[in-house]
Each structure stands twice: as C-alpha cells, then as structure tokens.
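User: Can you walk me through a model? I'll ask as we go.

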Amino acid sequence: MAKLTKKQKEAAAKIEKNRMYSLTDASSLIKEIASAKFDESVDIAVRLGVDPRKANQMVRGVVTLPHGTGKDVRVLALVTPDKEAEALAAGADYVGLDEYLQKIKDGWTDVDVIITMPAVMGKLGPLGRILGPRGLMPNPKTGTVTMDVAKAVQEVKAGKIDFKVDKTGIVHAGIGKVSFDAEKIADNAAELIQTLIKLKPTAAKGTYIKSIHISSTMSPAIALDPKAV
C-alpha cells in the first residue's frame with residue numbers, strides 16, 4: 001500500500017472517524033483539506049440500493065448543476081451542413097461530420113461530449129466500440145441526440161451532465177471545483193442527489209441511498225449523512 005504524504009496525513013486527520021457530515025459541513029471541509037497546487041475537481045459517489053444487472057433497476061439520467069462543473073467541456077457536434085452554423089454559434093468546439101467520423105475511426109476521442117442528430121446516428125453505429133467504453137456515444141435519453149443542436153450544446157456548456165449507475169451500484173459525478181464557494185458545492189451536490197431520488201426505480205427495495213461520499217482530486221473521501229441529505 002502506498003504511503004501517505006504529509007499533506008494527505010494532515011487532510012485525513014481533519015476528517016473525524018465514523019462521523020457522518022451534513023452536506024454544508026462537508027462542502028466547507030472539502031475546501032479546507034484540498035492541498036494541491038491546481039484547482040482540484042470535487043466528485044461525489046452515491047451508493048444506491050439497486051441491482052444494475054436488472055433492467056428495471058438501472059438508474060441513468062441527466063442533471064443541470066446550478067453552478068456548472070467549473071470544467072471547460074469540449075463539445076463535438078456531428079451535424080449536417082445546414083446545422084453547422086447553429087452549433088458553432090451555440091459554442092461547440094468542433095463541428096462537422098464525415099471528417100470527424102474518420103478522425104474517430106483513426107483513434108481521436110479528445111472531447112468530453114458528442115452531440116448529434118437522429119439522422120446521423122446510423123453513421124455512428126460502427127463507432128460504438130470506440131465511443132461506448134469512453135462514455136461518448138450520444139443517446140436520446142441524455143439529450144445528446146436531438147434536432148435542437150444549439151440548445152443541447154448550450155446546456156452542456158452550462159453544466160448539464162449525464163450519469164449512470166455502475167456495475168457496483170455507485171453513481172460517480174463531478175460536481176465542481178474546490179475554488180467554488182462551499183454553498184455552490186453543496187447546491188450542486190444537492191441537485192444531483194435530489195435527481196437520483198426522483199429516479200428511484202419502483203423495483204428497488206429497502207434503503208435506496210445507502211451512502212454518499214464527496215472528495216476532491218487529491219483528498220480523502222468525506223462521508224455524508226444520507227438521512228440529513
């Protein structure tokens with residue numbers, strides 16, 4: 001097991017063992033224990049009482065964080081020529097079609113989100129093996145396959161993220177940066193948690209929100225009290 005650095009030990013010492021923090025206290029503490037020289041990301045991990053192997057217990061959705069992610073999201077709009085100007089005006093970083101499909105085939109995936117149109121999805125099918133594992137395949141359920149390309153681009157740039165429970169029953173998501181005010185971190189976390197609660201599958205039995213932890217890129221995780229949230 002890797003040894004903790006001095007800063008990591010100091011950060012860990014500030015987290016009370018076995019304590020379940022309120023969202024407000026955890027959001028303040030995460031700023032206090034972040035020690036990296038860069039602006040660390042703040043992440044949340046929510047363990048759900050679901051069995052992701054069963055289709056009727058899959059939890060997936062989108063949420064627009066009220067204060068954004070703090071991250072410059074790189075957007076590729078794969079659209080027909082008549083939609084290119086619209087996508088560019090909305091803030092897409094890369095706009096086109098066939099030339100970018102070829103780049104992806106050649107291994108280029110240097111983007112965070114791909115937005116496209118229903119008519120183009122047929123061309124994306126063969127690229128599923130490349131885009132799927134990277135979470136880049138557009139999906140109508142997350143609003144990334146749409147005729148309103150401009151709106152989709154603007155929403156992603158403003159802080160709209162999609163999430164999906166993993167095979168262990170955990171939802172991971174980035175909810176900001178440590179440079180955010182504690183209130184903004186708490187607001188973003190609360191928005192995601194409330195969205196997860198609304199998406200509770202009817203087939204899920206027992207405790208739904210089992211645990212919640214937030215952490216920064218380099219910090220230990222802070223446990224939140226699910227009941228308080």
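User: Which residues of H2 are buried?
Analyst: In H2, the buried residues are Leu-23, Ala-26, Ser-27, Leu-29, Ile-30 and Ile-33. Buried means under 20% relative accessible area, with a 1.4 Å probe and protein chains only. Seen down the H2 axis, they fall within an arc of 165 degrees, so they line one face of the helix. The arc is that of the directions from the helix axis to the C-beta atoms.

User: What kind of model is this?
Analyst: This is a predicted model: local features need pLDDT of at least 70, side-chain atom pairs count only at pLDDT 80 or more, and totals for chains, interfaces and linings use all residues. Residues are numbered from 1 along each chain as its sequence is written, and side-chain values use heavy atoms, with hydrogens and water left out.

User: What does H2 pack on?
Analyst: Helix H2 (residues 23–33) packs on the sheet and touches S8 and S9. Contact means heavy atoms within 4.5 Å. Helices (H or I, at least four residues) and strands (E, at least two) are DSSP runs, numbered from the N terminus.

User: And what's the strand order in the sheet?
Analyst: S7-S1-S8-S9, an open sheet of four strands with antiparallel pairing. Strands pair if DSSP finds at least two bridges between them. The edge strands are S7 (170–177) and S9 (222–224).

User: How many bridges link S1 and S8?
Analyst: Seven, between S1 (residues 41–48) and S8 (residues 209–216). Val-42 stands opposite Ser-216 in S8.

Note on methods
Axes fitted to C-alpha atoms, helices over the stretch in contact; angles between N-to-C directions. Buried < 20%, exposed > 50% of the residue type's maximum accessible area, 1.4 Å probe, protein only.
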